[in-house]
Amino acid sequence: MARIDVLMPQMGESIAEGTLSKWLKKLGDEVKRDEPLFEISTDKVDAEIPAPAAGKLVEIKVQEGQTVPVQTLVAVLETDKGAAVTAVTAVTAASAAAPAAQKAEPPLSAPVRPSPPPSVPVSAPPPVAKGDGTETAEERLRRKSTPLVRKIAAEHQVDISTIPGTGFAGRVTKNDILGFIERAPAPGAAAVRPSPPPSGPVVHPTVEAWPGDRVEPMSKIRKITADHMIQSRRTSAHVTSFFEVDYSRIAELRVKHKASYTERGANLTYLAFIAKACAEQLRAHPVVNSAVSGDTIIYRHDINVGIAVALEWGLIVPVIKHADELSLMGLSRAINDLGERARTKKLSPDEIQRGTFTITNPGVFGSYAGAPIINQPQVAILGVGTIEKRPKVITLPDRTDTIAIRVMGMISMSYDHRVVDGADADRFLADVKKTLQEFPEGAV
């Protein structure tokens, strides 16, 4: 028999550690190769990690809820020698191929290394104590940052702790430090710098629990969402505009083409039409597809549309890259695929990053309209209200008015008034509305 060490995988270049959120197998269980072994949660994505080889789970080194650096020993599998050689060979081949594909997605299987017989126990680092003078996990994240950020800081002799971080728990990201360096005054020059916005870990007020209440700690994804929502409200000057859309034309096109889309493995939803309309109009309204960096505006070249997906354990926003280059069929397939893999925890970190605009669809739960919070560092987010038949006053060709039953719905957009004026937002929404109400059949 051989022993295989299972390590905490690195789910992206900028991720230095992960939280083991749930064991999917118990000590002593037999596992198959590629069978889900445990779940991890990082500041980018939640994922199920498959077993790198078939065998028996004989040691668990990291308990549920523990946060440990990547490459930390998580578990030990006992397997036959043939499986061990296969697992190590696969990992070695993947490692050798990595430099040739700089933007390849990281594998979702856990890294492995053969355990030397006899196995030498490796204890996972204990959780950092709080309130006793030692730094918290959040403070350690902020100080530690990523190797790339620390390298840039060392080259420019910058103290990372002085930079307002926009990452998880106030962590300083590459964009944070590069922006800080760009805005720094020349040597010897006097400069007056405005006070930075509040940064660092978000402190939520405590509330007394009453007898009979159930108190549960937030999951990692819930805590990240809570922190990001507060930070977004602190950062952006939120304003929301609302438009009513007549979807009757879209309803007709769906009835006519839905069967053919289903035959080709795609679900022709209203959301696909809305994403298509937004992607087209973002090119015509570049300020809505921008970002704010200090006192500059970054007009994004790429149009990457995030689609918010509500999960039982929280909210995640997978991103459709280059959405303006996709047909309606391509967008339909992308929305279906990303949504399904979000629900099954199969997304890679790259698939939830680099969004330039977000669409959220609370209308599927019956919401008439809403004012969503901007997904930083973007400057706008579109909310889709419920789509249903309603009475509508329409004007006939002879210019008389009548009441008809139409398929109607609201769209809303929250935008950052620091850079997006009301006129800009309303022109964008008006063009999205026009595109939906006059959608050409040739584009279906």
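Analyst: On a 1 Å grid over the protein atoms alone, a cavity is a set of points where a 1.4 Å probe fits but cannot get out, and lining residues have an atom within 4 Å of a point. Points are joined across faces, edges and corners, and a volume is the space filled by probe spheres set on them. The model is predicted: local features need pLDDT of at least 70, side-chain atom pairs pLDDT 80 or more, while totals for chains, interfaces and linings use all residues. Numbering starts from 1 along each chain, and side-chain values use heavy atoms, without hydrogens or water.

User: How many charged residues line the second largest cavity?

Analyst: The second largest cavity has a volume of about 40 Å³. Its lining includes Asp 46, Arg 341 and Lys 345; Asp, Glu, Lys and Arg count as charged. By class, the lining has seven nonpolar residues, no polar ones and, as charged residues, three.

User: Is Ser 41 buried or exposed?

Analyst: Ser 41 contacts Asp 46 and Ile 221, among others beyond four places in sequence (contact: heavy atoms within 4.5 Å). Buried means under 20% relative accessible area and exposed over 50% (1.4 Å probe, protein chains only). Because its relative accessible area is 2%, Ser 41 is buried.

User: Which residue in strand 12 stands opposite Val 292?

Analyst: Strands are DSSP runs of E, at least two residues, numbered from the N terminus; two pair if DSSP finds at least two bridges. Strand 11 (residues 290–293) and strand 12 (residues 296–299) pair in the antiparallel sense over four bridges. In strand 12, the residue opposite Val 292 is Ile 297.

How values were computed. On a 1 Å grid over the protein atoms alone, a cavity is a set of points where a 1.4 Å probe fits but cannot get out, and a pocket is an open set with protein on both sides within 12 Å along at least five of seven lines; lining residues have an atom within 4 Å of a point.
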